[in-house]
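Okay, thanks for coming, everyone. Let me put the structure up and then walk you through the bits I looked at.

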Amino acid sequence: MAKNSKDLLLQLTSNQVEGPFVTIMLNTQVAFQQVEKSHLKFKNFVKEAKQRYEKRYPNLDWSVIQEKADSILNDRDFWRNGSKSLAIILTPHETFVHPLSIEVDDQYYVGDTPYLLAIIKNAQFNYSYYVLALNRDSMALYKMENKKLVEVPLPADAPTTLEIALGTERDDSRGVLHYRSSSNLGNHAGHGTNTKEEELEIDWSNYYLAVGKYLKDFFETEEKLPIFLYGLPENQTLFRKVVRSIHVDQTISVPSSPTQLSLQELEKNLESIQKELQEKEVLAYQRLMDGKYVHHLSDIKQSAKTGRIGQLFIATSNLTDGFGDDPDTEYDWRQELNSLSIDTLINGGDVYVLEQKNAPGQKGLIASLRY
C-alpha cells in the first residue's frame with residue numbers, strides 16, 4: 001500500500017503498472033448497517049464492471065480480477081477500516097487499496113488507465129508538520145501526516161514534565177518540593193533568595209529552555225518539517241522568548257490549552273492550522289494568472305501531451321453525479337478530465353481538483369504553462 005496519495009499517483013502513472021484497470025470509489029462507514037450497505041454496493045459494482053470488462057476486453061480473463069475482488073469482499077475487517085472513503089484499483093496483476101479522507105461519488109470505471117481524480121483531490125492540501133503541545137509544566141509532541149495526527153513517542157528521560165526536566169529537592173522544614181534548575185539552562189539557574197513567585201517564573205523559563213534543548217537534538221535526526229505551537233498565549237509567548245534553538249512558526253498556532261484533550265479533540269482543533277495553510281496555498285494559485293496559462297480544452301489537451309503544463313486546475317463543478325444514460329460512455333466528461341490529468345502527471349506537472357472559487361481566475365478548467 002502506498003504511504004500517501006502522492007506516492008500512489010506516482011506509482012499508478014509510472015510504466016511499471018500494467019492495465020487494464022477496474023477502479024472503484026466508495027464511501028465507507030463504521031456503523032454496522034452502513035458497512036453492510038458499502039459491502040453490497042461494492043459487490044454490485046464488481047458485477048457491473050465484469051460486464052463492461054468482458055465487452056471491452058473479450059480476450060482477457062475476468063476471473064483474475066474477480067478473485068481479487070472476492071478477497072476484498074470476504075474480508076469483513078476490511079470494511080471497518082475507519083476511513084471516510086476508499087479507492088480500490090484492480091488489475092490482472094495487482095491490487096491497490098487506498099483510504100481517502102474525503103467524500104467521493106460512489107462509482108466504478110473500467111479502462112486502459114486508472115481513474116485518479118478522487119485520489120488527486122485527496123492528495124492536495126496534505127500538510128506534514130509537528131505540533132508542540134505546551135503547558136506550563138508539561139509538553140507533548142505530535143506529528144500531522146496524511147491528515148492524521150499521531151503522538152510522537154519520546155523516551156522516559158525526555159522533558160515531558162517540569163519535574164523530569166529539572167528534578168526536585170525536598171525542603172523538610174517546610175514540607176515542600178523545589179525544582180533544581182541546572183546551571184547550564186540559562187541565566188535563571190538557582191533560586192537563591194527569590195520569592196516563591198519569582199521561583200515559579202524561573203522554573204517556568206528553565207523548563208522551556210530544557211524542552212528547547214532537547215527538541216534541538218531531536219529534530220536534528222528527524223524530517224525537516226514546520227513546527228506549530230499549541231498552548232495558551234502566555235505559554236507560547238514565553239517559549240518563543242527563551243527558546244532560540246528550534247524554529248517554530250511565528251504566524252500560525254493554536255492559542256488554547258491542550259490539557260486533558262483526546263487525540264481526536266486535538267486533531268479537530270488543528271483544523272485552524274489546516275485552514276490557514278490552505279488559504280496561503282490558494283492565494284499563491286491566484287498569482288499564476290500573471291504568467292502564461294490556457295483555459296480552452298483543445299489548448300489544454302495539446303499542452304498536457306507535450307509536457308508544457310506546470311499545474312492543471314479542475315473545478316469540482318465539472319464532476320457531476322450520476323451514471324449517465326449510456327453505460328458504455330459512462331462518465332465520458334470525467335474520463336476526458338482524467339486523461340488530461342494523467343498526461344499532466346506523466347509529464348511531471350501537478351493536478352488540483354478545487355472549488356471553482358479557489359481556482360486561478362475562478363476558471364472551471366485552467367492550466368498554467370511552464371513555457
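**Starting from a histidine**

So, H39 is buried: its relative accessible area comes out at 13%, and the cut-off for buried is under 20%. You'll find H39 in helix 2, which covers residues 32-56. Leaving aside residues up to four places away in sequence, H39 touches L73, R76 and W79.

Before going further, a word on confidence. This is a predicted model. The average pLDDT for the protein is 87, and 87% of the residues score at least 70. Two stretches to treat with care, then. Over residues 169-176 the pLDDT stays under 50, and the model gives that stretch nine contacts beyond four places in sequence. Residues 187-191 are also below 50, with 14 contacts beyond near neighbours in sequence.

Okay, on to helix packing. Helix 6, residues 196-220, packs against helix 7, residues 233-242, at an angle of about 65°, and the axes are 9 Å apart. The crossing is right-handed. On the helix 6 side, the contact is made by W204, S205, Y208, L209 and V211, and helix 7 brings E234, N235, L238, F239 and V242. By class, that's seven nonpolar residues, two polar and one charged.

Now, salt bridges. How many turn up in a search of the whole structure? The count is 10, and I'll show you a few.

Helix 6 comes back here, through E201. The side chains of R136 and E201 meet at 3.6 Å, N to O. R136 is in the loop between strand 5 and strand 6, E201 is in helix 6, and the two are 65 residues apart. Both ends are partly exposed, R136 at 35% relative accessibility and E201 at 36%.

Next, E223 with K143: the closest N and O atoms are 3.4 Å apart. E223 lies in the loop between helix 6 and strand 10, while K143 is in strand 6, so this pair ties together parts that are 80 residues apart in sequence. Buried or exposed, where does K143 fall? K143 counts as buried, at 15% relative accessibility, whereas E223 counts as partly exposed at 43%.

Last pair: D343 and K305, again a salt bridge, 3.4 Å from N to O. D343 is in helix 11 and K305 in helix 10, 38 residues apart. K305 is exposed, with a relative accessible area of 58%.

And one more thing on K143 and E223: through shared partners, salt bridges join K143, E145 and E223 into one network. That's me done, over to you.

How values were computed
Residues are numbered from 1 along each chain as its sequence is written. Side-chain values use heavy atoms; hydrogens and water are left out. pLDDT is the predictor's confidence in each residue, from 0 to 100. Contact means heavy atoms within 4.5 Å. Axes are lines fitted to C-alpha atoms, for helices over the stretch in contact, and angles run from 0 to 180 degrees between N-to-C directions. Helices (H or I, at least four residues) and strands (E, at least two) are DSSP runs, numbered from the N terminus. A crossing is left-handed if the near helix is turned anticlockwise from the far one by less than a right angle, and right-handed if clockwise. Ala, Val, Leu, Ile, Met, Phe, Trp, Tyr, Cys and Pro count as nonpolar, Asp, Glu, Lys and Arg as charged, and the others, Gly among them, as polar. Buried means under 20% relative accessible area, exposed over 50%, partly exposed in between (1.4 Å probe, protein chains only). A salt bridge is a side-chain nitrogen of Lys or Arg within 4 Å of a carboxyl oxygen of Asp or Glu.
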